There are 2 protein chains.
Amino acid sequence: MQTPGVPAPNHVPLTPLSLLDWAVTVYPRKTAVIYGDQRMDYAQYDARCRRLAAALVRRGLKPGQTVAAMLPNIPPMLEAHFGVPMAGGILNTINIRLDARTIAFILDHGEAKVLLTDTAFAPVIREALSLVKHKPLVVDIHDALGPGGDALGDVDYETLLAEGEPDFRWQWPASEMDTISLNYTSGTTGNPKGVLYHHRGAHQGAFSNIIACQMGQQPTYLWTLPMFHCNGWRFPWTLPAVAGTSVCLRAVDPAEIFYLLEAEKVTHFCGAPLVLNMLCNAPEANTLNLKQPVTAYVGGAAPPSSVIGALENIGIHVVHLYGLTETYGPSHYCAWQSEWDALDADARAEQTARQGVRYLTIEDSMVADPDTMEPVPMDGQTLGEIMVRGNSVMSGYLKNPDATEEAFRGGWYHTGDLAVWHADGYLEIKDRAKDIIISGGENISTIEVEDILYRHPAVLEAAVVSAPSERWGETPCAFVTLKSGKEDTTADEIIAWCKDNLAGFKVPRHIIFGELPKTSTGKIQKFVLRDQASDLDDSKVAHRSSKG
Amino acid sequence: MQTPGVPAPNHVPLTPLSLLDWAVTVYPRKTAVIYGDQRMDYAQYDARCRRLAAALVRRGLKPGQTVAAMLPNIPPMLEAHFGVPMAGGILNTINIRLDARTIAFILDHGEAKVLLTDTAFAPVIREALSLVKHKPLVVDIHDALGPGGDALGDVDYETLLAEGEPDFRWQWPASEMDTISLNYTSGTTGNPKGVLYHHRGAHQGAFSNIIACQMGQQPTYLWTLPMFHCNGWRFPWTLPAVAGTSVCLRAVDPAEIFYLLEAEKVTHFCGAPLVLNMLCNAPEANTLNLKQPVTAYVGGAAPPSSVIGALENIGIHVVHLYGLTETYGPSHYCAWQSEWDALDADARAEQTARQGVRYLTIEDSMVADPDTMEPVPMDGQTLGEIMVRGNSVMSGYLKNPDATEEAFRGGWYHTGDLAVWHADGYLEIKDRAKDIIISGGENISTIEVEDILYRHPAVLEAAVVSAPSERWGETPCAFVTLKSGKEDTTADEIIAWCKDNLAGFKVPRHIIFGELPKTSTGKIQKFVLRDQASDLDDSKVAHRSSKG
């Protein structure tokens, strides 16, 4: 139907850029971004994104080149999500908690031509820039609400924006499979891998957020989840499609979060279980007075039912999500079934602790044997690996065809997460493939043991890894952080608790108390614990403690 | 990334089939379809669609072949929306009010291999089948809630379904640009044109309904809008994506509609202005007791503010939509702006009577000069043609490359509707291109004159066409139906009303009372009126009346 040289009237590349274009057309005066006292409507937001795009093009950015961003959840980070692809560029958000060596690796590997950086990160960025092979154009962002810091750059962000026109006519991507962003996985070992997102997946993933998270029209979204994490689970692109308002948040602080929930009438926020935990335990929780329904989407491990219950009591509904960097963030969510209404709190928690069912834009998902690719029976028992296929799956890993091929073998993305498949089609993660413990020929799910540990009233955090055993090959070893005021709990008490609640072979032979080592994103570094556990010998030591 | 022969893990053709697949995976026990006392959950619904697909394949249907359906809004019509494309077929729904000659034309032109037909339509279908060049396999549907009728067919629908497996493994379309359905336009003259929809557009259009119409999760949708009209504005495909319930309705009957709104807790329905009018004027409206919010989406001409007000009073919120067969139904809607909350009813009606802004999956829209393709100024004054581009625009017209090229010239779909563009980006239709009246060199919008006529308290319906004039070239001629109890209103009273509200040259020279001729979809047949008006001569006749 298409005349050469004339755009098709009925086929437009899918891109989240179209969603901002829609919002500024229909709701130019609607508040798009709130940050402290600052308010930006969609017309202003769109104009700043276009200025950024125009300025990047003037500074020589070519389509397909990378712009890195070392930014907290402040307005320029939102602007980068549109301004960089409007210039044809690829946005590479960097985890702000990384060390200089890793940042330098990412800048070099991603071939960043430009780096947008908040002056608060000047020390680590200065060091990283001293290590890179190719120095990008450095753009300093001076955030009035930040702690300040040295300018390292070639140009200040506002000066750069002034170089671009507010009505810059950006080009649609030539293909919807073009890359829109680059996200490095926070691997616990080795160099991070660069996950490539395409425009089509970002667009479809933005739509599926609206549907799964029931965003309605004109929601208000609080930025408790870092945007450097899987592009904020696609929400920077989702919000314009529903004329939503972004409430920026430089750092996670319970008092500030509670204030914003009330003052800005927030309807949705996302976060790691850690954030929910902080909210639960904050003194402000007792005086919170919400006038609007609020839903919190929590990724990672299922929050304990006590946390969910405490939040529901103050008016925050919790929904459990699951996903990976490779699936643009959440690929599964624990969709509510009406028959759960009748369950008591514990039975309900058993349902909602599961990772659930696929999003609409993950067109297929299964729990399968990774060798035969045969789905496991839906018996809630048989372990298999979670596999997904669909339009919100990454293009692949940057410059890493082997890893890409390995991840995509058999036409499915292999998540590396081990799960069972329940009769109702809900999947439940039992472990990372590499975290399983094989003891006397029996598989032990470290997650199952951790679940029991978490239910002990004195346990704040727990991680289980394998320790070598002469007799059994491996045995479980538990690392535990006790709650404040419960420090006198003994290893024997914990062991006894486990014996009451677990099969004997699953009971940890070692309980080691202390703080848990974590990655910059708050993931527990099990490889550190495995190192520690590898020195243990169950023939000699029963229960060691690092306490005191 | 794709190994030959292995499906891509990250690119799946977009198709509404995936939406039913999602619903049956996540909500197998949720009620999908209600019809009278009949209830079908998603597992049953999906199984029947698969049976239909499997049976069609067994009967020899090949990918890309057409299955026609002459059905009211009953469950088999919903099943056809999935079962036919699951077999790789193209669904061609036929307007049940068409005459035998037109139906025969459609069956031949669309090369239907199968015809699903309700026995109620046996007389017209028998005649149509006597006229076709190639007789399709005829499948009779005996609807227990229908009036009955002769079986004409080769096989009964339930017998056909029994030939197919409930777990038939349907194939995804090879390309998302493959045709999913064929809809003939109800042109007022000449042979209808066959509009081709692709899987991608149907999928994206289904998503955009969820967002624009705020379907939330698990809505209940009442089938007041015929599914033969642009595939029910995409709603058969939309509903599974939100685990919604379809309430079928064989015929539009206000008492039945009011009963279902209450009994089935309907949340959404669509329809022509005529349907809203019927509801307003039905005696049951006074006793309606809705416990849930209900939104009615109305296409075509804007309903008068009195109708909107009456419906709002009984708890039905009205949203105005605009679209064409070529845009899969609605392409624009009158999105609410919060500042309208403060307006009085008349000022508000002035805003909401406009056709509004584009859906998310119409990626661009403009009001432009069709010759130069330059957008008109956003002044609310300058007439231009509405043009759209996007992923929910038809593939083209079947076997009609000339008409397709004409419709798509310059890379835009030309709607043929004339509109002004307001400063806020909302467009407002003033006329069909061919309905404009040129009087003494001045353009007269027939819609503007009709709007004034509709505001007269005695006017039920009005249509304005051009009448020949020796002096002016053309003059407006009004055809008017008076409300019951107001039949003694005179042409002079109407003329005086128009003089008070319109520029002199826009005042109709003729007022002709009587019923208005309509197409099978309820569109006023202006060509019939134009025929009548062409006999008039303004030098002789001032105000004729066909009354009495």
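What percentage of the 548 residues of chain A count as buried? In this predicted model, the proportion is 52%. Chain A comprises 17 helices and 26 strands. Its radius of gyration is 24 Å, close to the 24 Å that the globule rule gives for 548 residues, so chain A is as compact as a globular protein of that length. Taken along the principal axes, the box filled by the C-alpha atoms of chain A is roughly 70 × 55 × 55 Å. Among the contacts in chain A that link residues at least 6 apart in sequence, 70% join residues at least 24 apart.

Chain A is in contact with chain B, and 39 residues from chain A and 39 residues from chain B take part. On the side of chain A that touches chain B, the elements giving two or more residues are α1 (17-26) and α7 (199-212) of chain A. The most is given by α1(A), with five residues. By residue class, this side of chain A divides into 21 nonpolar, 16 polar and two charged residues.

Within chain A, helix α12 (residues 305-313) packs with helix α13 (residues 345-352) at an angle of about 105°, and their axes are 10 Å apart. Angles of 65 to 115 degrees count as roughly perpendicular, and α12(A) and α13(A) are therefore roughly perpendicular to each other. On the α12(A) side, the contact is made by A:Ser305, A:Ile308 and A:Gly309. The residues contributed by α13(A) are A:Ala345, A:Asp346, A:Ala349 and A:Thr352.

Positive phi values in residues other than glycine were found at A:Gln218 and at A:Ala243. For A:Gln218, phi is near 55°. A:Gln218 lies in the loop between α7 and β10 (220-222) of chain A; α7(A) is also among the elements that give two or more residues to the side touching chain B. For A:Ala243, phi is near 50°, and the residue is placed in the loop between α9 (235-241) and β11 (245-247) of chain A. A:Ala243 likewise counts as partly exposed, because it has 19 C-beta neighbours inside 10 Å.

How values were computed. Residues numbered from 1 in each chain as written. Chains lettered and ligands numbered in written order. Predicted model: local features only at pLDDT ≥ 70, side-chain atom pairs only at ≥ 80, totals over all residues. Contact = placed C-beta atoms within 7 Å. Helix = DSSP H or I, 4+ residues; strand = E, 2+ residues; numbered from the N terminus. Nonpolar A, V, L, I, M, F, W, Y, C, P; charged D, E, K, R; others polar. Rg over C-alpha atoms; globule rule 2.2 N^0.38 Å. Buried ≥ 20, exposed ≤ 12 C-beta atoms within 10 Å, placed from the backbone. Axes fitted to C-alpha atoms, helices over the stretch in contact; angles between N-to-C directions. Parallel < 35°, antiparallel > 145°, perpendicular 65-115°, else oblique.
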